[in-house]
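User: I am new to this structure. Could you take me through it, one question at a time?

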Amino acid sequence: MGQKRVTMADVARLAGVSTTAVSLIMNDRQGTRLSADAAARVRAAADTLGYRPNLTARALSTQKSHVIGFISDQVTTDRLASGLIRGALREAKKHGHVLFIAETDGEDGAVDGAIEALLDRQVDGIIYAATRPHALSVPELVGVTPVVMLNATAEGARGVVLADEYQGARDIVTLLLDAGHTTDVVIVGRSLDQPDDEWLTVAVQRRLDGIWDALRSHDVVPVAQIPVQPWSMINGYRSVRALIDDGSVPAALICLNDRLAFGAYRALGEAGLRVGRDVAVVSFDDDDIAVYLDPMLTTAAAPFDEMGAAAVRLLLAGVQPEQEHLVPVPLRVRGSVDVPPDLARTFEMSPSEPDWVR
């Protein structure tokens, strides 16, 4: 049996520094962050242990690897957000690149390890993606390697790809109101005066801004705002059921995601109210289940596939500091809102029904 390969962690323990420091020093990316003494101790420890940095990486240090690193914050395990990977894979292949995917499972400590693995393979750049568009931290370990944040933000990131939540929200609420559903409007998911919390990401704030700007432009004031967390089917059901039990029957619901809308459908049905006839419903995400409801759900689709593709294009084009790329949010105009055909054509940006329906 061969001798166990010496790792960066082994060098770090002997030198009394972090694994990140070892990576920075051995890859000549330490800049002014680390002292000369620390660098000397790391190199001495590496010599003592016989540590050898990755190979091929050294030989190819001045060449393009045609490999893009993809760090996933639970994206690989999420049914909807996995579209970010599909889009990135498709676009990378189109440009002759391979995607190397590392899953962190949402654990901060796993990010450094994933970045080290990617840097060892001399990736041309890194895409850091999340299921929920919240702020993440990019370790300094990445050095000069280009990083694009996908469905997430980070201070100092060179590029950010997000859905155009504001315009998508404004469009779908304007569709609802222009179709004549301007009375007894209820917002399900978050209230305007709700205190800030961990769920109020930049994307959620922009979605709310778009909703409220559309309402104000039509002089519409919601009769109720129902804050719930998480945005789940059971909370959508309970909140709308409680509203109806209290004697308030909505004429239109603006649900902040499809899961809330799925629960709302059940509550409305139990109360003898028909979606699309008695109560109009609009939502966000375009979950696969949306087309299995009766009637099908009108929703602003999360453009995950296109976002993944845009991240690859942005990375390969050479991202600029603080560059933000917003991907349009298409509307799926379906039966949960009674929309005149000419109005539907005005708003619709993509097919409203999947191929199997047509």
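The questions below start with the whole protein and then turn to single places.

User: How many helices and strands does the protein have?

Analyst: This is a predicted model. Its secondary structure can be counted from the N terminus. The protein has 12 helices and 12 strands.

User: What share of the residues in the protein is buried?

Analyst: Buried here means under 20% relative accessible area. The protein has 358 residues. Of these, the buried share is 53%.

User: What percentage of the contacts with a separation of 6 or more is between residues 24 or more positions apart?

Analyst: A contact needs heavy atoms within 4.5 Å. Take the contacts with a separation of 6 or more. Residues 24 or more positions apart account for 72%.

User: What part of the accessible surface belongs to carbon and sulfur atoms?

Analyst: The accessible surface of the protein is about 16800 Å². The part belonging to carbon and sulfur atoms is 50%.

User: Which residues in α3 meet α2, and how many residues of the contact are charged?

Analyst: From α2 come Val 22, Ile 25 and Met 26. They meet Ala 38, Ala 39, Val 42, Arg 43 and Ala 46 in α3. The contact holds seven nonpolar residues and no polar ones, and the charged count is one.

User: Which residue does a cis peptide bond join to Gln 229?

Analyst: Omega of this bond is about -5 degrees.

User: Where does Pro 295 lie?

Analyst: The peptide bond from Asp 294 to Pro 295 is cis. Its omega is near 0 degrees. Pro 295 sits in the loop between β9 (280-285) and β10 (298-301).

User: Is Asn 151 buried or exposed?

Analyst: Asn 151 is in the loop between β4 (147-150) and β5 (159-163). Its phi is positive, near 60 degrees, though the residue is not glycine. Its relative accessibility is 6%, so Asn 151 counts as buried.

User: In which strand is Asp 285 found?

Analyst: Asp 285 has a positive phi near 120 degrees and is a residue other than glycine. At 16% relative accessibility, Asp 285 counts as buried. The strand that holds Asp 285 is β9.

Key
Residues are numbered from 1 along each chain as its sequence is written. This is a predicted model: local features need pLDDT of at least 70, side-chain atom pairs count only at pLDDT 80 or more; totals for chains, interfaces and linings use all residues. Side-chain values use heavy atoms; hydrogens and water are left out. Helices (H or I, at least four residues) and strands (E, at least two) are DSSP runs, numbered from the N terminus. Ala, Val, Leu, Ile, Met, Phe, Trp, Tyr, Cys and Pro count as nonpolar, Asp, Glu, Lys and Arg as charged, and the others, Gly among them, as polar. Buried means under 20% relative accessible area, exposed over 50%, partly exposed in between (1.4 Å probe, protein chains only). Accessible areas come from the Shrake-Rupley method with a 1.4 Å probe; for residues, only the protein chains shown count as cover.
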